[in-house]
Amino acid sequence: MIRVPARFSGPIGYANGGWIGGLLAAESDLDPAMVTLRKPVPLETDLHFDGANLTLADTVLAEVTTADFTYPIPEPITRAEAEAAQAQSPVQASENYGTCLVCGVERTDGFQLRPGPVAGRPHTVACIWQPGRTQPPLPVDAAIAAVWAALDCPGAWTQELLIQPMLLGRMMVSILDIPDPTPGATDDYIVIGHAEGAQGRKVFTTTALYDTEQNLIAHAEATWITVDAHPRSRDS
């Protein structure tokens, strides 16, 4: 059984897509892994996972399989470039994504990621991630889920989310090293997102996680689905 605590929510009151993807990848022992989200994954609910499918009753919520990457990995940038990018982040202006574990400005217990445009790199955003400084601390046994989540939202913020909302449909991740999420760990990481294009309602992005010495830690590709209106704004 898998159960996602309320803390690990995305922006619409369900499990954060990257977080649940990482949980399934870890449980299936796949890396690289690809997770396809079929339905929103409810919080605080006992769900069944058979190593391939996450289900609630007879409904398939998500599927996990091996990954086959298509796009180049985003190139590293310096810490100074990442800090300058996040200083220009549009995240603070968001009314619909405030409750997200990763980028939500309403969350004091989240990742506090603030992706912003990288100077001189079109369609690219970046920010700093400090996993060891998250309060309350992230579960040490969920380090893989934390990496997936950190690679999730920066991809979305390569787009005009304040104008055109999107929801995660599929994500592929390869992890080369695991960041230290233990309380007090002072290692900082740079997350980079890049827009790879669109086809109909589908938007394609890549993300990469580097340490401050520009060593690659993990990378991802994601497919996003544009929606007419963000679910949170429809409910308000």
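**Notebook: burial, cores, salt bridges and open space**

I began with alanine 85, which is buried at a relative accessible area of 1%; I call a residue buried under 20% relative accessible area, exposed over 50%, and partly exposed in between, with a 1.4 Å probe and protein chains only. I am working on a predicted model, in which local features need pLDDT of at least 70 and side-chain atom pairs count only at pLDDT 80 or more, while totals for chains, interfaces and linings use all residues. Residues are numbered from 1 along each chain as its sequence is written, and side-chain values use heavy atoms, with hydrogens and water left out.

**Around alanine 85**

I placed alanine 85 in helix α2, residues 79–86, where helices (H or I, at least four residues) and strands (E, at least two) are DSSP runs numbered from the N terminus. Which residues is alanine 85 in contact with, leaving aside neighbours within four places in sequence? I found Gly116, Pro117, Val118 and Ala126, taking contact as heavy atoms within 4.5 Å. I also looked up alanine 85 against proline 40: the two are 45 residues apart in sequence, and their C-alpha atoms are 31 Å apart in space.

**Nonpolar cores**

I then turned to the nonpolar cores, each a set of buried Ala, Val, Leu, Ile, Met, Phe, Trp, Tyr and Cys residues joined through side-chain atoms within 4.5 Å. The largest core has 56 residues, and Trp19, Leu54 and Phe111 are those that touch the most other members. Helix α3 supplies the largest share of this core, nine residues. Apart from that core I noted another, of 10 residues, including Ile77, Val118, Ala126 and Ile190. For leucine 54 I listed the residues touched, not counting those up to four places away in sequence, and among them are Ile2, Ile20, Leu24, Val41, Phe49 and Val60.

**Salt bridges**

How many salt bridges does the structure hold? I have eight of them, each being a side-chain nitrogen of Lys or Arg within 4 Å of a carboxyl oxygen of Asp or Glu.

One of these joins the side chains of aspartate 46 and arginine 3, at 3.1 Å from N to O. Aspartate 46 sits in the loop between β1 and β2 (48–49) and arginine 3 in the segment before α1, so this pair ties together parts that are 43 residues apart in sequence. I looked up the accessibility of both partners: aspartate 46 is partly exposed at 45%, and arginine 3 is partly exposed at 44%.

Another salt bridge brings together the side chains of arginine 107 and aspartate 109, at 2.7 Å from N to O, and both of these residues are buried.

In a further salt bridge, the closest N and O atoms of arginine 133 and aspartate 188 are 3.9 Å apart. Arginine 133 lies in the loop between β6 (124–129) and α3, and aspartate 188 in the loop between β7 and β8 (189–199), so the pair ties together parts that are 55 residues apart in sequence. Here arginine 133 is partly exposed, at 45%, whereas aspartate 188 is buried, at 9%. I also recorded that Arg133 and Asp188 are linked with Arg79 and Glu83 in a network of salt bridges.

**Pockets and cavity**

Grid points are joined across faces, edges and corners, and a volume is the space filled by probe spheres set on the points.

The largest pocket has a volume of about 660 Å³. I counted 33 residues in its lining, with Leu37, Leu167, Leu168, Gly169 and Arg170 nearest its centre. Which element gives the most to the lining of the largest pocket? It is β7, with five residues. By class this lining has 22 nonpolar, six polar and five charged residues, where Ala, Val, Leu, Ile, Met, Phe, Trp, Tyr, Cys and Pro count as nonpolar, Asp, Glu, Lys and Arg as charged, and the others, Gly among them, as polar.

The second largest pocket holds about 210 Å³, and of its 13 lining residues Pro90, Trp157, Thr158, Gln159 and Glu160 lie nearest the centre.

Last, I found one cavity of 30 Å³ or more. Its lining includes Phe69, Tyr71, Thr206 and His219, and β10 gives the most to this lining, with three residues.

Terms used: On a 1 Å grid over the protein atoms alone, a cavity is a set of points where a 1.4 Å probe fits but cannot get out, and a pocket is an open set with protein on both sides within 12 Å along at least five of seven lines; lining residues have an atom within 4 Å of a point.
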